[in-house]
Amino acid sequence: MRELATVLRDALPSAATPAARRAVEDLRTIYRSGAAPDTLAVSDPQRAAAYAAYRMPATSAALYAALTAGLTAHPGLALSADLATQAPLTHLDVGGGTGAAVWAVHRAWPGRVRSTVIDASAPALALGADLARRSGDPALASTTWESRRLAAPLTLPAADLVTIGYVLGELPDPLATALVDAALNAARTLLIVEPGTPRGYAAVLSARTRTLAAGWRLLAPCPHARACPLPDNDWCHMAVRVPRSGLHRDLKGGELGWEDEKYTYLMAAAPTPRDPLAPPTSHADATAPSPAQPTPARVLRHPLIRKGLVQLTLCRPDGTTAQVTVSKRQGAAYRLARHTAWGDTFPDPRASPPS
Ligand SMILES: C[S@@+](CC[C@H](N)C(=O)[O-])C[C@H]1O[C@@H](n2cnc3c(N)ncnc32)[C@H](O)[C@@H]1O
């Protein structure tokens with residue numbers, strides 16, 4: 001599979017034109033306003049190209065980071081059961097645009113996924129199909145691109161994994177709620193990613209409430225199903241560093257060779273198999289925590305590293321947050337803390353060690 005940045009450079013050779021820069025500025029203005037746009041933001045081929053050039057590498061990287069966090073924290077995830085049987089994983093990407101989530105999912109499971117992208121923007125879908133064809137990955141290239149405008153009442157086709165990336169904030173609240181409910185009815189595993197802003201966090205928090213009410217199990221980032229312990233003036237978010245291509249720098253006028261994409265997310269698994277005749281390995285079994293492995297905490301900030309000390313801000317399995325200092329005297333825990341990053345898991349200091 002070729003790198004997304006390389007494919008974008010090949011597919012959009014003359015993207016850095018004045019018209020393209022204007023299209024980027026238009027999109028940035030719409031997204032910065034924070035309001036759900038009345039009309040589709042990615043409305044024509046120029047804007048689709050602008051979106052792919054300046055946003056898609058970052059949204060794809062955030063989706064990949066969230067996906068791998070869910071899988072790392074819960075290696076027994078329902079998805080892995082399908083992968084063990086070699087059956088292709090069915091993936092539905094709602095509001096998928098130019099296919100950021102498709103690239104992330106196929107990067108995680110090369111050659112093992114059958115993806116369908118639904119979006120209302122025909123120019124975004126057309127560009128997405130072109131990029132996927134250029135990927136050099138037959139599975140990614142065979143993605144189905146479906147032009148559909150979401151509207152309530154809403155149903156979605158069943159899929160092992162449903163991804164909703166950077167979409168909820170573009171929808172009016174009732175439609176965003178209907179989309180989350182439809183995804184909970186359609187998916188075995190659900191991944192929602194939004195910008196790492198208070199507004200993105202509010203959308204994820206609302207989806208979290210509905211996910212728990214439907215009896216789902218949270219996989220990441222939350223180590224518990226209690227109320228989010230963060231105060232009103234804080235919001236749960238992570239960051240992923242994304243290299244900026246020359247094309248990106250030309251379009252956006254940035255100097256740095258990278259940017260930190262802040263995102264907030266939720267990954268969850270359905271409580272029971274959809275098929276009552278399915279073999280006994282149920283999702284609940286596959287995702288249930290092993291009693292010998294206590295649920296780890298989640299690191300909520302960049303760890304602060306001082307001489308001989310690492311300070312971590314943790315969200316803990318008991319539903320509280322805490323500042324924890326790990327000192328060099330703690331040996332293995334210190335070495336682990338030194339290699340722990342914002343968004344990773346870390347053993348809960350209050351959990352009793354495995355017997
Ligand atoms: C910010 S883009 C995100 C694209 C992609 N998921 C990503 O992560 O890069 C939001 C996408 O939602 C789509 N969208 C917005 N409202 C929609 C609706 N009512 N029905 C279908 N798609 C919609 C837009 O066309 C756009 O492609």
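I started at the ligand: one of its nitrogen atoms sits 2.8 Å from a polar backbone atom of glycine 95. I call such a pair a polar contact when two N or O atoms lie within 3.5 Å; within protein, one must be able to donate a hydrogen and the other to accept it, and residues adjacent in sequence count only if both atoms are side-chain atoms.

This is a predicted model, where local features need pLDDT of at least 70 and side-chain atom pairs count only at pLDDT 80 or more, while totals for chains, interfaces and linings use all residues. Residues are numbered from 1 along each chain as its sequence is written, and side-chain values use heavy atoms, with hydrogens and water left out.

I found a side-chain N or O atom of aspartate 119 at 2.6 Å from a ligand oxygen. Glycine 165 places a backbone N or O atom 2.8 Å from a ligand nitrogen. I then looked up the cover: the protein hides 96% of the 590 Å² of accessible area that the ligand has on its own (Shrake-Rupley method, 1.4 Å probe).

I counted 19 residues around the ligand (a heavy atom within 4 Å). Tyr51, Thr59, Asp119, Leu150 and Gly165 are the closest. The shell has nine nonpolar, six polar and four charged residues. Here Ala, Val, Leu, Ile, Met, Phe, Trp, Tyr, Cys and Pro count as nonpolar, Asp, Glu, Lys and Arg as charged, and the others, Gly among them, as polar.

**Helix pairs**

I took helices (H or I, at least four residues) and strands (E, at least two) as DSSP runs, numbered from the N terminus. Axes are lines fitted to C-alpha atoms, for helices over the stretch in contact, with angles from 0 to 180 degrees between N-to-C directions.

The axes of helix 4 (residues 56-73) and helix 6 (residues 100-108) come within 8 Å and cross at roughly 45°. That angle makes helix 4 oblique to helix 6 (under 35 degrees is roughly parallel, over 145 roughly antiparallel, 65 to 115 roughly perpendicular, the rest oblique).

I also checked helix 3 (residues 45-54) and helix 7 (residues 122-133): their axes come within 8 Å and cross at roughly 50°. Helix 3 is therefore oblique to helix 7.

**Backbone**

I noted that most residues other than glycine have a negative phi, and most peptide bonds are trans. The bond from alanine 152 to proline 153 is cis, with omega near -5°. Proline 153 lies in the loop between strand 3 (144-147) and strand 4 (159-165). Alanine 220 and proline 221 are also joined by a cis bond, with omega about 0°. Tyrosine 166 is not a glycine, yet has a positive phi of about 60°.
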